[in-house]
Amino acid sequence: MAKKRNKIRADFRKNRGARPRTGDLTRKFAANEDKTNDAALGERLSGKGELTRKRTVVGEEAHKDDGGFAVLPDLNLHSRHGRVLRVHGLSSTVQADDGTIVRCVTRRLLRTMATDQRHVVAAGDWVHFHFDASSGVAEGVIERVEPRRAVLSRSSRGRQHIIVTNVDQMLIVGSAAEPYLKPNLIDRFLVTAEQHRIRPVICINKADLVERADLQPLVGVYSRMGYRVLLTSVRTGQGVDRLRRVMAGGASVIVGQSGVGKSSLINRVEPDLNLRVAEVSTESQKGRHTTTTAQLLPLAGGGYVIDTPGIRQFQLWDIIAEEVAGCYRDLRPYVSLCKFPNCTHTHEAECAVKDAVADGHLDARRYESYCHLRAGDLE
Ligand code: GDP
Ligand code: ZN
């Protein structure tokens, strides 16, 4: 197997004929130069497919195969896969698949390709990057950003600004009391999650303040729609282990009105995390949303908390009225049964949604919250 790898490496050297790696200090210097000057010209000529293959090939083996290292010293110059935890200006913090944290700049070729985005690389991106630990250069170079799913963004001055990418879950936190539970607000976040195809998890915190039976009707409504509902209490520890397991399932963005216990919950899940969430509610942080970027905080038990202090200011609410019904999971099956194709399900006489409410198939409160959201009442 090692033999096969060596052969592929030889190809790598040949393809890079314009700048041969001679295995001495000059080569190392050349490697640095490649990184700092971003001299992608030769690579462009060699074609993208080849580039990709070279990166992949050089990737795994350098730290896995010490024998190979002895034969071809330039194997330290290898490409790796990882995830962008945060972006600061032109550089980003990347967590390699093996857990190593590497600070990276972005290859100029990538930067020039991005014409409509402020940053080519965003927190949450999966990337391939180049990093030569032996070169003395502490920075890696991001060479490729993988296609994104579930992007949260805001627009400013006609441009889309990406906040975070590849969001797996939206943890929608409400409190059973203090402040009292606001199901309509939960519905609003559910719509945003559905719209962005992010899996919602509903978390009703401060469960210690009410009787469990009081929460059952609401929990039932959401559970029947297929949503996961957690009852938690930071005070008693109820549901915290379950929450930790749920959070291990991906990168979670946390939303909910202030005071419901978001920071307390996360701190209970992972005491050393140091969330910034709490800071935002203080008045002194008002101007902050202009500069704040999201960051992914890796959790010890797996998964990430997406720390986005500005997420509420960013106003994720960019839905048009006609899209709202499609984001109500329970309403959705009835929508196509309405008499009028452009039915708003609010005032029309023959409406399958309204019939379903009348017949008890749809929760009346859900339907009311739909009407509110559709009318533009956001909270
Ligand atoms: P955030 O604004 O959503 O981040 O809310 P915080 O985490 O700052 O919590 C707001 C207040 O609620 C704090 O005083 C917490 O101590 C309190 N709190 C948080 N979780 C619970 C809980 O499960 N039960 C009770 N009784 N109080 C809680
Ligand atoms: Zn209708």
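Guide: A residue is called buried when its relative accessible area is under 20%, exposed when that area is over 50%, and partly exposed in between, with a 1.4 Å probe and with protein chains only. By that rule, buried residues make up 50% of the 379 residues in the chain. What you see is a predicted model, in which local features need pLDDT of at least 70, side-chain atom pairs count only at pLDDT 80 or more, and totals for chains, interfaces and linings use all residues. Residues are numbered from 1 along each chain as its sequence is written, chains are lettered from A and ligands numbered from 1 in the order in which they are written, and side-chain values use heavy atoms, with hydrogens and water left out.

Let us begin with ligand 1. It is surrounded by 15 residues, of which the closest are D208, V234, G259, S263 and S264; a residue is near a molecule or strand if one of its heavy atoms lies within 4 Å of it. Sorted by class, this shell holds three nonpolar, eight polar and four charged residues, where Ala, Val, Leu, Ile, Met, Phe, Trp, Tyr, Cys and Pro count as nonpolar, Asp, Glu, Lys and Arg as charged, and the others, Gly among them, as polar.

Several polar contacts can be followed atom by atom. A polar contact is a pair of N or O atoms within 3.5 Å; within protein, one must be able to donate a hydrogen and the other to accept it, and residues adjacent in sequence count only if both atoms are side-chain atoms. A polar backbone atom of V234 lies 2.6 Å from an oxygen atom of ligand 1, while a polar backbone atom of V260 is 3.4 Å from an oxygen atom of the ligand. The side chain of R235 takes part as well, with an N or O atom 3.4 Å from a nitrogen atom of ligand 1. Taken alone, the ligand exposes 580 Å², and the protein buries 72% of that; such areas come from the Shrake-Rupley method with a 1.4 Å probe, and for residues only the protein chains shown count as cover.

Helix α10, residues 262-269, gives the largest share of the shell around ligand 1, namely three residues. Helices (H or I, at least four residues) and strands (E, at least two) are DSSP runs, numbered from the N terminus. Within α10, the residues K262, S263, L265, I266 and V269 are buried. They cover an arc of only 160° around the axis, which puts them on the same side of α10; the arc is that of the directions from the helix axis to the C-beta atoms. As a general rule, an α-helix has 3.6 residues a turn, so residues three or four places apart point the same way.

Not counting residues up to four places away in sequence, V173 touches C203, N205, I254, V255, G256, Q257, V260, K262 and L265. Among these, V260 has the backbone atom 3.4 Å from a ligand oxygen, and K262 and L265 are two of the buried residues of α10. V173 and N205 are 32 residues apart in sequence, yet 6.8 Å apart in space, C-alpha to C-alpha.

Finally, step back to the chain as a whole, which has 15 helices and 13 strands. Of its contacts with a separation of 6 or more, residues 24 or more positions apart account for 65%. The chain exposes about 18,700 Å², and carbon and sulfur atoms supply 52% of that area.

How values were computed: Contact means heavy atoms within 4.5 Å.
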